[in-house]
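Work through the exercises below with the model open beside you, and compare each step with the solution that follows it.

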Amino acid sequence: ASSFDRMFVQVCLYFYCKCLWRCLKFLVRKLTGQCELQRICYNTKPGAARTMKIEASLKGSKSKRLQTSVNVHPDAIEKTIDDIMELKRINPDINPQLGVSLQACLLQIVGYRNLIAEVEKLRREPYDSDNPQHEEMLLKLWKCLKPNSPLKARISKQWCEIGFQGDDPKTDFRGMGLLGLYNLVYFAEWDTEIAQQVLSDSLHPKYSDTWQYLDFNYIFFLSHLSKAEWEKKKFDKAIGYSFAIVGINITDLAYNLLVSGALKTHFYNVAPEAPTLTHFQQTFCYLMHEFHKFWIDEDPLDIMEFNRVREKFYKRILKQLQNPEMALCPHFAASESLINM
């Protein structure tokens with residue numbers, strides 16, 4: 001009985017709030033002479049705040065035509081705007097800017113949905129060593145990261161030098177499919193200097209090149225260590241992670257942020273129209289760079305702490321993306337075009 005009473009109260013509250021909300025919307029429209037879509041577009045600046053409010057308003061509408069407007073084909077957006085204006089009895093000649101604002105928001109909303117589909121397709125496509133395009137991309141990854149070290153053979157222990165687990169990298173792409181390779185190649189090709197630096201750091205002790213930051217007393221202490229003690233001390237602070245494997249793991253992190261909708265904040269702020277695969281790859285580059293710095297700051301004992309560090313990093317990014325003003329700011333050359341949009 002107690003459970004039934006609680007459920008009954010919850011149902012009553014739901015319908016009461018729903019009816020109250022619709023009544024409030026009706027009153028506000030009568031008082032302002034504007035529908036909710038007009039109020040959002042006129043009172044909220046362009047970007048994630050506006051687009052997410054428009055998206056919520058359309059999805060929460062009692063009109064099926066408005067609910068389905070967020071799922072139309074990009075080519076049908078202009079017709080959809082006309083339908084919305086007609087349904088809301090808004091004169092486009094008197095409100096020309098409204099149509100422009102709604103179109104920009106719908107392009108972002110529909111584009112985000114299409115981007116998920118494109119990313120999902122790449123994730124589901126397995127790496128095929130018999131496919132010349134797949135092989136070409138894999139070799140490009142090596143050339144970008146190790147330009148001065150020719151690959152001696154397609155099946156080679158050399159792949160371990162850039163962080164793969166064995167002699168044939170194809171087995172490491174199983175979890176993320178081609179998406180993992182696409183992201184790694186994009187990072188290595190367009191942010192080559194940083195990608196090579198991250199790779200180098202992941203293979204060497206953290207403090208091997210930071211003598212200038214050590215005080216005199218610590219240097220004096222190190223100089224009196226035996227060779228065995230020095231070798232042990234030197235590797236106490238090793239970063240020690242596999243670049244390629246971590247890249248595939250960060251691809252998974254970026255994928256989860258995308259499909260959960262968390263990246264809407266970022267994409268709606270940086271993409272003036274529909275977000276594209278390039279925007280997603282830029283986000284991956286940012287996450288790789290930031291995770292690398294985060295890993296160093298966390299100072300893990302060894303690679304066994306990877307999951308803990310990754311989860312902490314993931315939560316930090318999620319928290320940042322809860323801010324509607326948030327736009328992840330990449331720190332490398334390939335991202336300058338996005339920052340200047």
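**Burial and ring geometry**

Phe306 counts as buried, with a relative accessibility of 10%, where buried means under 20% relative accessible area, exposed over 50% and partly exposed in between (1.4 Å probe, protein chains only). The model is predicted, so that local features need pLDDT of at least 70 and side-chain atom pairs count only at pLDDT 80 or more, while totals for chains, interfaces and linings use all residues. Residues are numbered from 1 along each chain as its sequence is written, and side-chain values use heavy atoms, with hydrogens and water left out.

**Exercise 1.** Determine how many aromatic pairs the structure holds, and classify the pair of Phe294 and Phe313.

*Solution.* Rings of Phe, Tyr and Trp (its six-membered ring) pair if their centres lie within 6.5 Å, and planes under 30 degrees apart count as stacked, over 60 as edge-to-face and the rest as tilted. The structure holds 15 such pairs. For Phe294 and Phe313 the ring centres are 5.5 Å apart and the planes stand at 50°, so this pair is tilted. Both Phe294 and Phe313 are buried.

**Exercise 2.** Which residues form one aromatic cluster with Trp295?

*Solution.* The cluster comprises Tyr241, Phe291, Phe294, Trp295, Phe306 and Phe313.
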